[in-house]
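This briefing is intended for a reader who wishes to examine a protein model by topic. Please keep the sequence and the structure at hand while reading.

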Amino acid sequence: MALFIQIFTFFLFTATVSSFPPGGFTVDLFQRRSNSSSSRISNTQPGSSPYADTFSDSSEYFMKLQIGTPPVQIEAILDTGSSRIWTNCLPCGNCFKQSGPVFDPSKSSTYKDKICDGSPCSYETIYEDQSYTKGTIATETVRIQSTSGQPYVMPETTIGCSHNSSVVFRTAASGIVGLNWGSSSLVSQMGEDMLGLMSYCFSGEGTSKLNFGSNAIVSGDGTVAANMFRKKANPNMYYLNLDAVSVGETRIETLGTPFQALDGNMIIDSGTTYTYLPESYCDKVRTAVEKVVKADQGASTDNMLCYKTNNMDIFPVITMHFQGGADLVLDKYNTYMMYGEVTCLMILCDPGTPILGNRAQNNFLVGYDPSSLLVSFKPTNCSALWS
């Protein structure tokens, strides 16, 4: 969905608010383009596995959760590249069209505006693609379903109630669930019991899941781990350090290029579809692809490298090598997309922040462990994992 990086502007002095945990929970996913403590979480039986129903479209991943009392279901994009949980709220005079009803805070007994200098705290979030949301900071009860039959309940969760929003992509969602290190993200507001642990397994079709807590630990045969970094310049993002990209048998090192780093040089982001590399290094990767593919280049948008063919067999396998020893051998689905009779490389050259997008993560069980500073990848048939 190409939401990339958030820029926060707060008004009226807005404030948003290791041993293994005793349990975890699971959230079902489908494809489409103040910190809490355990005392704030109620009605969850030990050993139960909370989850949320999800649905799919073309390039984002959505989760369903309930907010308010009585509970109202919303459908939101899950985004490891942002912090805020927000949904469109009434009155919504200038909001993008969503598929379901807009949340009405006046009908919820647990909705409460946060107050700054005697007035409701306001916020504005502008994303790098110029999508934006503007509204009011509030606390509200958030619920996710559980296999025990009892919901996983998070009272007084900080959310954004958006009264003015715009997105540059087509979406049926009502908002976004931020999942990064920021204090107002969903995973941060779950509290210390979850240790920030989460994992997901994105599929091109069918159902996949989002896990939190001990259920999110990724291990077993085939698992590889990349070092995770937290950078002062952008401390809420999950950074990986890309050491090299292999196109077939040709390995292109970041060493000796402006892209070279030891402390993280790209963000892993579930809310962005494509993978983006800095232009000078990306040109080297594209040149290596061009040397292998024997087909006429086709017209493209977004400066994509495209060919007039729908024969995937002629395209090279691409492997991404991350610091820590994670060599991700990407499937053709991860790296190429067919548009009718044209096939395009989904690694784009861009002067902005380098990003590992969700398409490249498809059919990997991806686990985040902030306490160990590792992101683990396990090749997995995600659509069959929980079927």
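The model is predicted. The protein contains five helices and 31 strands, and buried residues account for 57% of its 387 residues. Two aspartates, Asp79 and Asp269, carry an "active site" annotation in an unreviewed UniProt entry, and by the distance rule used here the model has six disulfides.

**Annotated positions and their surroundings**

- The "active site" annotation, which comes from the unreviewed UniProt entry, covers Asp79 and Asp269. These positions span 191 residues in sequence, yet no two of their C-alpha atoms are more than 6.7 Å apart, so they gather at one spot.
- Asp79 lies in strand β5, which covers residues 72-79. Its relative accessibility is 0%, and Asp79 therefore counts as buried.
- Asp269 belongs to the loop between β21 (266-268) and β22 (275-277). Asp269 has a relative accessible area of 1%, which places it in the buried class, because buried means under 20%.
- The side chain of Asp269 reaches the backbone nitrogen of Gly271 at 2.8 Å.

- Ser83 is located in the loop between β5 and β6 (85-88). With a relative accessible area of 3%, Ser83 is buried.
- A polar contact of 2.8 Å connects the side chain of Ser83 with the side chain of Asn180.

- Strand β4, residues 61-67, is mostly covered, as six of its seven residues are buried.
- β4 and β5 run antiparallel and are joined by six bridges. Within this pairing, Leu65 stands opposite Ile74 in β5.
- The two strands β4 and β5 form a hairpin with four residues between them. In the turn, Gly68 has a positive phi of about 90°.

**A three-stranded open sheet**

- Three strands form an open sheet in the order β23-β27-β26, with antiparallel pairing. Its edge strands are β23 (306-307) and β26 (336-339), each of which pairs on one side only.
- β26 and β27 (residues 342-345) run antiparallel, and four bridges join them. In this pair of strands, Tyr339 has Val342 of β27 as its bridge partner.

**Disulfides: overall pattern**

- A disulfide is a covalent bond between the sulfur atoms of two cysteines.
- The model has six disulfides by the rule applied. When the bonded cysteines are numbered in sequence order, the pairing reads 1-6, 2-3, 4-5, 7-12, 8-11, 9-10.

**Disulfides: individual links**

- Cys116 and Cys121 form a disulfide with their sulfur atoms 1.9 Å apart. The torsion about their S-S bond is about 95°, so the link is right-handed. Cys116 and Cys121 are both buried.
- Cys201 is joined to Cys382 by a disulfide with an S to S distance of 2.0 Å. The link of Cys201 and Cys382 is left-handed, with -75° about the S-S bond. This pair links distant parts of the chain: Cys201 sits in strand β14 (residues 198-201) and Cys382 in helix α5 (residues 382-385), 181 residues apart. Both Cys201 and Cys382 are buried.
- The sulfur atoms of Cys282 and Cys349 are 2.1 Å apart and form a disulfide. About the S-S bond of Cys282 and Cys349 the torsion is about -75°, so this disulfide is left-handed. The pair links distant parts of the chain, with Cys282 in helix α2 (residues 279-292) and Cys349 in strand β28 (residues 347-349), 67 residues apart.
- In the pair of Cys282 and Cys349, Cys282 is buried with a relative accessible area of 0%, and Cys349 is buried with a relative accessible area of 10%.

Key: Residues numbered from 1 in each chain as written. Predicted model: local features only at pLDDT ≥ 70, side-chain atom pairs only at ≥ 80, totals over all residues. Heavy atoms only, no water. Buried < 20%, exposed > 50% of the residue type's maximum accessible area, 1.4 Å probe, protein only. UniProt positions renumbered as here; feature names shortened; annotations may be inferred. Polar contact = N/O pair within 3.5 Å; in protein donor to acceptor, adjacent residues only side chain to side chain. Pairing = 2+ DSSP bridges. Disulfide = S-S within 2.5 Å.
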